[in-house]
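Trainee: Please take me through the ligand site in this model. I want a close look at that one part, then its setting in the whole chain.

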Amino acid sequence: MNKAVYPGSFDPVTYGHLDIIERAAAVFDEVNVAVVVNPSKNPLFSLSERVELIRMCTQHLPNVTVSQFEGLLVNYVERQGARVIIKGLRAISDFEYEFQMALMNRKQNPRIETLFMMTSGKYSYLSSSLVKEVLRLGGCVRDLVPPIVEKRMRRSLGLPSEDSEA
Ligand code: ADP
């Protein structure tokens, strides 16, 4: 079976992530979205909330599974019975870090390949941290995250729900 792991912090999942997940799910038999246990940033959502949100947003994709992982990524990928790590690339600025990570992961385990998927143009500027900042400052994130994600973000940030703003 051709299985890939798509790792990240997903704090929270955005339409940019979901675009990569959908496209990867069309190419691989199974895509495991792996939520990293300890993101370096101070997360808005707990690990279980991040996992739950991705599950809700990928319900329509039967070959997508969602889990959490801790420790070395290549070890997790091997335990999953996968050979491929999927990474999304937005801009040149992503490249240097991802290049370094891909080479280090190959050094750690040469059997695992990292494959990069280019973002869809309309999501090339989109990141979880920017979405959080925009919402905090009162901006509109409707085209950037699914409605359930916006709702949970508003709750976590202590912002009024959209309905009560009208
Ligand atoms: P971020 O917090 O920067 O959004 P994550 O760690 O959650 O990043 O991202 C997980 C993976 O998804 C990474 O490979 C990242 O490059 C990719 N990614 C994030 N946003 C996008 C996007 N808008 N388009 C394509 N790939 C993306």
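Mentor: Start with the backbone of Phe-10. One of its N or O atoms lies 2.9 Å from an oxygen atom of the ligand. Keep in mind that this is a predicted model. A second pair involves a side chain: a polar atom of His-17 sits 3.1 Å from a ligand oxygen. Now the cover. On its own, the ligand exposes 540 Å², and the protein buries 91% of that area.

Which elements give two or more residues to the shell around the ligand? They are strand E1 (3-8), helix H1 (15-25) and strand E4 (84-89). In total, 18 residues surround the ligand. The closest are Tyr-6, Phe-10, Gly-88, Thr-119 and Tyr-123. Sorted by class, the shell holds 6 nonpolar, 8 polar and 4 charged residues.

Is Phe-10 buried or exposed? Its relative accessible area is 2%, so it counts as buried, the cut-off being under 20%. That value takes only the protein chains as cover. Phe-10 is also among the residues closest to the ligand.

The peptide bond from Asp-11 to Pro-12 is cis, with omega near 0°.

Now step back to the whole protein. It has 7 helices and 5 strands. Along the sequence, the order reads β-α-β-α-β-α-β-α-β-α-α-α.

How does the overall size fit a compact globule of 166 residues? Such a globule would have a radius of gyration near 15 Å; the protein has 16 Å, so the two agree. Along the principal axes, the C-alpha atoms fill a box of roughly 55 × 35 × 30 Å. Of the 166 residues, 48% count as buried. The accessible surface comes to about 9300 Å², and carbon and sulfur atoms account for 53% of it.

Methods:
Residues are numbered from 1 along each chain as its sequence is written. This is a predicted model: local features need pLDDT of at least 70, side-chain atom pairs count only at pLDDT 80 or more; totals for chains, interfaces and linings use all residues. Side-chain values use heavy atoms; hydrogens and water are left out. A residue is near a molecule or strand if one of its heavy atoms lies within 4 Å of it. A polar contact is a pair of N or O atoms within 3.5 Å; within protein, one must be able to donate a hydrogen and the other to accept it, and residues adjacent in sequence count only if both atoms are side-chain atoms. Accessible areas come from the Shrake-Rupley method with a 1.4 Å probe; for residues, only the protein chains shown count as cover. Helices (H or I, at least four residues) and strands (E, at least two) are DSSP runs, numbered from the N terminus. Ala, Val, Leu, Ile, Met, Phe, Trp, Tyr, Cys and Pro count as nonpolar, Asp, Glu, Lys and Arg as charged, and the others, Gly among them, as polar. Buried means under 20% relative accessible area, exposed over 50%, partly exposed in between (1.4 Å probe, protein chains only). The radius of gyration is taken over C-alpha atoms; the globule rule is 2.2 Å times the number of residues to the power 0.38.
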